[in-house]
Amino acid sequence: MRIDTLYIENAAADRPLTEKIREKLQPQKTEFIDDYQDFFSRRKTPYLQKRSERNLFIALKRGALLRIAPDAYGFGADDLHYYYIHAYNCVYECEYCYLQGYFSSPDLVLFVNHDEILREMKSALAQTPHKRVWFHAGEFSDSLALSHISQELPLYWDFFRQNPHSFLELRTKSVNLSMLRGLEPLPNVIVSFSLSTEVQAALFDREAPGVMQRIEAMQRLRDMGFRLGVHFDPIIYREDFTEKFSEIAAPVADRIGFGAIDYISLGVVRFAKDVFREAKENYPDSGMFARHFIQGEDAKMRYIRPLRLQLLETSQAILKKHGCPEQKIYFCME
Ligand code: SF4
């Protein structure tokens, strides 16, 4: 991966992972800095600059290391859901990605203080011994795309092996399985893939692997014994949506099978207001704006409710027709 400048926080310089990450990179130059925020947050870099220039920071995550996930974020409505932040930003460029309005820079940040994140997880488990607790990765960066560089997954494996009643979800669009190949499948670790119709992915998931490649990666993981999840999210309206969704539900059913899939979420495209504005600026001709969006009570920009329900119910019906048990399907963030 081409890196223009590698910035290393002084406080992160002697962390064991920092050296391992450096061995994987060949930056044009390396600079040591006191605080990554001085460069990452305080100088506004246009999102699409990621196409021509890419800097990477190795830093310590400060502030909240775990965050409570929003309602209807994960499978298991009665369970507790947290997400943790192992990195900021992504090597892919999905047109709907909320990262484009979220940070003031598209540069990559890899955090290396996983020991502190794991301590927080331990304390979260101790505080709620009677609840099923999930920890989700992939909220601010794809959880597998750079995993061979960030190399933190073995640490999480140790934790979830020792805490078999808590769950880890790795959310991804990546087919980079190199780290997972070296780790044994655990029953409480779920690798979940974002899927969509092939035409939607071809139109909007720039730089990301195609949907059939993701399904092949799922097959390989299933054969290795990994538990899987699927997120059909975001669903973007097209006139031929029903036909195209049936075309992708079929290989999910036939090539992977719902026995290996613990859950499937369905979510319709939505944007925070800032992201909506930024996405329109970045992709003014994008077909994802073909249908009208309205601002909901939660200030998010969405399709009108009847259209959202139609898309969700159509997708659910198609999955059920292909043999997916209804209890494995949930609607995300509705
Ligand atoms: S894979 Fe996820 S994080 Fe990466 S660009 Fe696409 S939506 Fe954003």
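Mentor: A helix is a DSSP run of H or I of at least four residues, a strand is a run of E of at least two, and both are numbered from the N terminus. By that numbering, Q151 is in the loop between α5 (147-150) and α6. The model is predicted, so local features need pLDDT of at least 70 and side-chain atom pairs pLDDT 80 or more, while totals for chains, interfaces and linings use all residues. Residues are numbered from 1 along each chain as its sequence is written, and side-chain values use heavy atoms, without hydrogens and water.

Trainee: What is the phi of Q151?

Mentor: Q151 has a positive phi of about 55°, although it is not a glycine. Most residues other than glycine have a negative phi.

Trainee: How do you know that the bond joining D233 and P234 is cis?

Mentor: Omega is about 5° for that peptide bond. P234 belongs to strand β13 (residues 227-235).

Trainee: What makes α4 roughly parallel to α6?

Mentor: Helix α4 (residues 114-127) packs against helix α6 (residues 153-162) at about 20°, with axes 11 Å apart. Roughly parallel means an angle under 35 degrees, so α4 counts as roughly parallel to α6. The axes are lines fitted to C-alpha atoms over the stretch in contact, and angles run from 0 to 180 degrees between N-to-C directions.

Trainee: Why is α9 called roughly parallel to α10?

Mentor: Helix α9 (residues 211-224) and helix α10 (residues 241-256) have axes that come within 10 Å and cross at roughly 20°. That angle makes α9 roughly parallel to α10.

Trainee: Which residues are around the ligand?

Mentor: They are C90, Y92, E93, C94, Y96, C97, L99 and K173, each with a heavy atom within 4 Å of the ligand.

How values were computed: Parallel < 35°, antiparallel > 145°, perpendicular 65-115°, else oblique.
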